[in-house]
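Please consult the sequence and the model alongside the text.

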Amino acid sequence: MAAKARTRPKAVVESTGGEPADTLRDYYERMSLVRAFELRSSEMYARAKIGGYCHLNLGEEATVVGLMAAIEARDYLFTGYRDHGYALLRGLAPERVMAELFGKVTGVSGGRGGSMHLFDEETRLFGGYGIVGGQLPPATGAALALKTQETAGPDAAAVMCLLGDGTTNIGAFHESLNLAGLWKLPIVYVIVNNGLGMGTTVEKASAEPELYKRGASYRMPGIRVDGDDVLAVRDAARDALKQAREQRQPVLLEVMCYRLRGHSVVDPARYRSPEDTTIAQQSDPVPSFRAELIASGVLTEADAAAIDEAADLRVSEAVVFADESPEPDVADLFKYVYATPVANAPSALPGEPVMDAL
Amino acid sequence: MNTNVESTTRTITYRQALNETLRAELERDEKVFLVGEEIGVFEGSYKITAGLLEDFGPERVLDAPIAEEGFVGAALGAAMLGMRPVVEIMTINFSLIAIDQIVNHAAKMRSMFAGQVSIPLVIRMPGGGGQQLAATHSQNLEVWYAHIPGLKVVAPSTPADAKALLTAAIRDDDPVIFLENLSLYSAKGEVPDGEQVAEIGKAAVVATGTDLTIVSYSRGTTTALEVARQLEAEGLSIEVVDLRSLRPLDRDTICASVRKTGHAVVFEDDWLSYGIGAEISATIGEGVFDFLDAPVRRVAAAEVPLPYAKALEKAALPSAADLAKVVREVLNISSTPNDK
C-alpha cells in the first residue's frame, strides 16, 4: 500500500478559508446522507429486505461528494456497481434508490436492476454496471455521440465514467482509453482507487500500481488526488471535465480512498491486515470532515448532530417507502425486452407451451 | 412495402444490395453512422462499404482500431444517446472478443433499466466456412446470439432480403445481429427498387411443395432451393422455409408447412448439437407431432474444429448431396447412384 498517497485531508482545513460555509455545510449533509443510506442498506441486507449483491460506498463518501459536486446536470454519468451514493447525489430521491434495492416497481430501474444497476434517464445517470469494465466502452461511445451532437465549449456536455482500481487491468479499460485518446472524446475516466479489487491489492494486480500513469499510453493526462479531501476531489474533477468539454481532451483521474468494509455486504474482509483496517478507519472522511468543520467554526456540534439526524430520518422515510411499495407485476415480465414490437416475440413462462399445437 | 407502385427490379449481388442499403440509410438519417475495422479507407474486408467513406466522410464511416470490445461497446454507448450505429465485425469469429458488450450489455440494458433506454444498434457480420480459412475463421456461431433474449437476429439468404432486412434492422430500436455469409456476398438476385422494409420475426416459404419441408437460413437456404429443384426433376415436391429471423423464431410458419408435408429436414451450417436445428426439431415436435410421418432429421456441420485442408473441410461441411441424401432417407426413397 506504500504507493498510495496516504495524506490526511489537510486541503480541507486550508480550503475552508476560501470556501463558503454554506457549501461546506452542504457537502457535509451529502456525506452524512450517503453514510446513513449505506449503513441502513447494510442493515436491510441483513434483514433480507435486499437481495443479490450489495456494494457500499462506506469510506468513499468524500470521493462521492467531491465527484458529484463537480459534474454538471448536462453531463452523463456511468458507474460500476458501487453506485448508491452517486445515484443519491445525482439527485435521485432516496426513496427510489432504496426501492430499487428492495426490488420494488417504484425503484429507479423498476426493480429490474437492483443495487448494481441504478439508472435514471432524467438525471443522466446512465447506469451502474455489474460487469467489471462493462461500462467503459458504452461510456466512451456516449462521448463519441456527444462529439457528433455538440460543439466543444464551456456549455458542452461531457461524460464521467467511474471505475474501480481492479478495472484498470481489464481489456475494456485499455481499448476504451485508446479510443477516447484517438478520437479526442469528451470523457473523464475516474478510477476510484480504494486499494482493493475484492480482496486483491492494487500492488498484487497491477504491474504499474500508480494507476494514473496509465493515461500516458493514450496521451491522456493522468492525475492523482486524495479521495478523502472532498474539495480536492471536486476541483480535480471539475478541471478534468473542463478539459473534456472545452478541448475534447480525455482525462484519467485517480482518486485515492479507502473502503471501510468488505467488498460487498457479505464480505467480512478477513484478508485485510489489522494495520490496513486501522488506516482505513483513521482515514474515514465522514467523522474527520465533521470534526474539521466544527474546529473551523462552520458547524457546531449541535449542527452536525442535527444534520446526521436529518440524514437518518431521510433514510428511514426511504425504507418505509420501499417497504410499502408494490412488487413488479409478473404480467409485465416481458414488458421491456424490445423497444420495437416484433412478430413472434417469446412470451411463455416456464412450463407453458411455446406455441399452440396446430 | 411499396405495394402501390409497380415495382421495378434489378439483378444485383448480395454485396451490392448491402452497400446500396447502407448508402440509402446514411442519406436518409443523419443519426446513422458506420463503424468497424477497415471499413473506410480499405472499403471493408469484403468491400461492403466501398465508396461510402468518400461520400459520407470519416465521422459517418468511422475506421476503428482492432478492438472489437471497445468499438462495439462504443457503438452501443452512442446508441444510448440516440445515434443509430451500424457496426461491421469483420467475421462472426471476432465477435467473441466483443461478446461481453453484446450479450451482457446490448441485450440487457433496456430490460435491466426498465425501458428507460433503447439500443438502436446493428451488428453486421459474416459467418461461414468453405474458404479454407481454418478453424478460427470459419465458424457459424449465430446460435450463440439467437439464444439471447433482448437481441434480434436476422439472417438473409437473398440480395432482396439483405436489403429489406438491413433496412428494417437499421430502423429498429433494438440491437439487431445481422448475419451475413462469406459465400453469399457474390450471389446475385432480383432486388426491387425503392424502399423495402422487411418485418423482422417472420419466416418465408420460398418454395412450395407437398412431400417434405426443408427448413434453413442464410447460405443454407440457397442450397435447399438447389436440392428442391434437383428433386423436383425426380418427381418430389419439396417446400423450403427460409427462417430469415433466428430470434424471434417464426414457429407458426415452420409448423404450418410441416403440417402440410408431414416430413421435415433442417439444413444448417452450424454444428449439430444444441444448434439451430435442435430448436426447430423441438418446435416441430411440440407443434405438429401428430402430423409427422417420420422423425425430423438435421443436416449440420461435423462437430470438429474445421480443418484447413480442402478435402477435410469439404467433408465436414454440410453439402447439397448430404441434404438430398437425407431428404430421400426421410421419404424412404432409395438413393440414385450419382450421390456421393
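The report treats a sheet, its helices, some backbone features, a chain contact and a helix pair in turn. The model is a predicted one.

**The sheet of chain B**

In chain B, 5 strands make up an open sheet, and their order is β9-β11-β10-β13-β14. The pairing within this sheet is mixed. The edges are taken by β9 (204-207) and β14 (297-301) of chain B; each has a single partner strand, so one side of each is left without a neighbour in the sheet. From one strand to the next, the twist averages 25°.

| Strands | Sense | Bridges | Residues standing opposite each other |
|---|---|---|---|
| β9(B) and β11(B) | antiparallel | 3 bridges | B:Val205 and B:Val241 |
| β10(B) and β13(B) | parallel | 3 bridges | B:Ile214 and B:Val265 |
| β13(B) and β14(B) | parallel | 4 bridges | B:Val265 and B:Arg297 |

Helix α8 of chain B, residues 219-232, touches β9, β10 (212-216), β11 and β13 (264-271) of chain B. The direction of α8(B) makes about 170° with that of β11(B). Helix α10 of chain B, residues 276-288, touches β10, β13 and β14 of chain B. In this case the direction makes about 155° with that of β13(B).

Strand β13(B) links several of these descriptions. β13(B) pairs in the parallel sense with β10(B), and β13(B) also runs parallel to β14(B). B:Val265 stands opposite B:Ile214 and also opposite B:Arg297 in β14(B). How many of the residues of β13(B) are buried? The number is 8 of 8, and the strand is mostly covered.

**Backbone features**

A cis peptide bond is found between B:Arg247 and B:Pro248, with omega about -5°. B:Pro248 lies in the loop between β12 (245-247) and α9 (251-261) of chain B.

Two arginines have a positive phi although neither is a glycine. For B:Arg244 the value is about 65°. B:Arg244 belongs to the loop between β11 and β12 of chain B. B:Arg244 has 26 other C-beta atoms within 10 Å and is therefore buried, the cut-off being 20 or more.

In chain A, the phi of A:Arg124 is near 60°. This residue is placed in the loop between α5 (94-101) and β2 (125-128) of chain A. Is A:Arg124 buried or exposed? A:Arg124 counts as buried because 21 C-beta neighbours lie inside 10 Å.

**The contact between the chains**

The contact takes 44 residues from chain A and 50 residues from chain B. On the side of chain B that touches chain A, α3 (68-80), α4 (99-106), α5 (109-112), α9 and α10 of chain B each supply at least two residues. The largest share of that side comes from α3(B), with 10 residues. Sorted by class, the side of chain B that touches chain A has 21 nonpolar, 15 charged and 14 polar residues.

**A helix pair in chain A**

Helix α2 (residues 21-46) and helix α12 (residues 301-324) of chain A pack at an angle of about 45°, and their axes are 8 Å apart. That angle makes α2(A) oblique to α12(A). The crossing of the two helices α2(A) and α12(A) is right-handed. From α2(A), the contact includes A:Tyr28, A:Leu33, A:Phe37 and A:Met44, and from α12(A), A:Ile307, A:Ala311, A:Val315 and A:Val319 are among the residues. The residues of this contact divide into 9 nonpolar, 1 polar and 5 charged.

A:Ser42 also belongs to helix α2 of chain A. With 18 C-beta neighbours inside 10 Å, A:Ser42 counts as partly exposed. Which residues does A:Ser42 contact, leaving aside its neighbours within four places in sequence? They are A:Leu56 and A:Val265. A:Ser42 and A:Val265 are 223 residues apart in sequence, and their C-alpha atoms are 6.1 Å apart in space.

How values were computed. Residues are numbered from 1 along each chain as its sequence is written. Chains are lettered from A and ligands numbered from 1 in the order in which they are written. This is a predicted model: local features need pLDDT of at least 70, side-chain atom pairs count only at pLDDT 80 or more; totals for chains, interfaces and linings use all residues. Two strands pair if DSSP finds at least two bridges between them. Axes are lines fitted to C-alpha atoms, for helices over the stretch in contact, and angles run from 0 to 180 degrees between N-to-C directions. Two residues are in contact if their C-beta atoms, placed from the backbone, lie within 7 Å. A residue is buried if 20 or more other C-beta atoms lie within 10 Å of its own, exposed if 12 or fewer, and partly exposed in between; C-beta atoms are placed from the backbone. Ala, Val, Leu, Ile, Met, Phe, Trp, Tyr, Cys and Pro count as nonpolar, Asp, Glu, Lys and Arg as charged, and the others, Gly among them, as polar. Angles under 35 degrees count as roughly parallel, over 145 as roughly antiparallel, 65 to 115 as roughly perpendicular and the rest as oblique. A crossing is left-handed if the near helix is turned anticlockwise from the far one by less than a right angle, and right-handed if clockwise.
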